[in-house]
Amino acid sequence: MKFSGRIEECALSPIRKFHPYMVAAEAKGLRVHHLNIGQPDVETPRAFFEAVGNFGEAVLAYAPSPGVESYLEAVRDYYCGLGFPIGTEDILAAFGGSEALQMVFSCILEEGDEILIPEPFYPNYATFVRVTGGRIRPIPTTAAEGYRFASRERIEPLITPRTRAILVTNPGNPTGLVLTEEEMRLLKDIAVEHDLFLIGDEVYRELVYGGEALHSFLQFEDAAENIVVTDSVSKRFSATGARVGAILSRNHELLGHALKICQGRLCAATLDQVGAAALYNAMTPDYYADVREQYRRRRDAVVESLSKLPDVQFSTPEGAFYLMATLPVDDAEKLQYFLLEEFEDRGETVMYAPGEGFYATPGKGKNEIRIAYVTNEGDLRRSIELLGLGIAAYNKKRGV
């Protein structure tokens, strides 16, 4: 049978591809500590479940293709409360931030078109872009520079006649970079000057640890035609299983094209949108502050523990709940197989996301990993201890 060349170019997610090996390790009686996936253990607010439980309609009907009115209004009010005025006409509901991005790419990319993305980046971006026929042109960054990339000297030489957009995650996954307002403004200016879309994946907006005000690319009303924001309830409310997100833009021509896809897939899930609306309506600034503090303590636990491991290099993240680290090994993927198949300490082992899949540049990230610090501080400290013990055992086996 013949398959699409586009899908054959796509790779399995480095975040999820080791799941069968984890299952096998657990079948042997091991406890596997998870640093690989951004699945928070923070409790989902009860408002979601109460709203779904109180759904009183006799028929669970299709939602409107643009979204359930109460959900669109809740998202609008959330952004207006942050000082970024939008209307419900500027929002389309999506199956999480992932579908929102896929719809945007489908609207703006043709075969051979390019999108600029700072690397390392969230690996699923590569899948979303490749299935449209587009290509990622990476903006190189380094841990030594804190992964900062927002400069004309770094970005403008990469722009070609095929460039259609710049995509940034802010705060960053997997780097934890938080853009300054000046950097955001520069990216906006470059997009406007070169007639590009500027796509902001802002699902981690509340998770910033330096006391910064919360920002969004939507604050730049003078770039209404260029700015697109994708968002989700997944991380903000620890509701990853509620696949509810949104596309937000004042570019109504873009939203009109995206609506064709919304109508083609009929609607996002009705009940999940009802629950998501309740989350936005029930949460207060104190909720966001408490969650932010939990993740800050977790970040600090990981940073402190990693600092004790010999020859491990990393940059302290400023936001989100991820960290990229360079390990003293030849191949982080080989180490991961070793940790799940051959290593254990007191009946425990650890898994992470190998770093090579977070790059578009061949050969980069081979000895890097992404750590998700989404569990309690005690488990995180033990996870990093296991990582250090595993590195030592792996290198000893190799004779290093």
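**Cysteines**

I started with C80, which is partly exposed at 35% relative accessibility. My classes: buried is under 20% relative accessible area, exposed over 50%, partly exposed in between, with a 1.4 Å probe and protein chains only. C10 is buried, at 17%.

This is a predicted model: local features need pLDDT of at least 70, side-chain atom pairs count only at pLDDT 80 or more, and totals for chains, interfaces and linings use all residues. I number residues from 1 along each chain as its sequence is written, and side-chain values use heavy atoms, with hydrogens and water left out.

I then searched the whole structure for disulfides (a pair of cysteine sulfur atoms within 2.5 Å). The search gave 0.

**Pockets**

I looked for pockets next. On a 1 Å grid over the protein atoms alone, a pocket is an open set of points where a 1.4 Å probe fits, with protein on both sides within 12 Å along at least five of seven lines; lining residues have an atom within 4 Å of a point. Points join across faces, edges and corners, and the volume is the space filled by probe spheres set on them.

The largest pocket holds about 520 Å³. It has 25 lining residues, and R16, S98, Y122, K235 and R243 are the closest to its centre. Elements giving two or more residues to this lining are α5 (96–108), α6 (124–130) and β7 (227–232). I take helices (H or I, at least four residues) and strands (E, at least two) as DSSP runs, numbered from the N terminus. In the largest pocket, α5 gives the most, with 3 residues. I sorted that lining by class and got 8 nonpolar, 12 polar and 5 charged residues.

The second largest pocket holds about 290 Å³. I count 19 lining residues there, with A11, L12, P14, R130 and G357 nearest the centre. Here α6 gives the most, with 4 residues. The classes come out at 11 nonpolar, 4 polar and 4 charged.

**Aromatic pairs**

I listed ring pairs (Phe, Tyr and the six-membered ring of Trp, centres within 6.5 Å; planes under 30 degrees apart are stacked, over 60 edge-to-face, the rest tilted). There are 18. I picked out Y204 and Y322, an edge-to-face pair at 5.5 Å centre to centre and 90° between the planes. Y204 sits in the loop between β6 (197–201) and β7, and Y322 in strand β10 (residues 322–326), 118 residues apart. Both are buried. I also noted a cluster in which ring pairs link Y78, Y79, F237, Y280, Y287 and Y288.

**Salt bridges**

I counted 39 salt bridges (a side-chain nitrogen of Lys or Arg within 4 Å of a carboxyl oxygen of Asp or Glu).

D379 and R31 meet at 3.2 Å, N to O. D379 is in helix α13 (residues 377–397) and R31 in strand β1 (residues 31–34), so the pair ties together parts 348 residues apart in sequence. D379 is partly exposed at 21%, and R31 is partly exposed at 39%.

K364 bridges to E119, with the closest N and O atoms 4.0 Å apart. E119 is buried at 0%, whereas K364 is partly exposed at 28%.

D331 and K366 meet at 3.0 Å, N to O. D331 is buried at 7%, and K366 is partly exposed at 38%.

Methods: Nonpolar A, V, L, I, M, F, W, Y, C, P; charged D, E, K, R; others polar.
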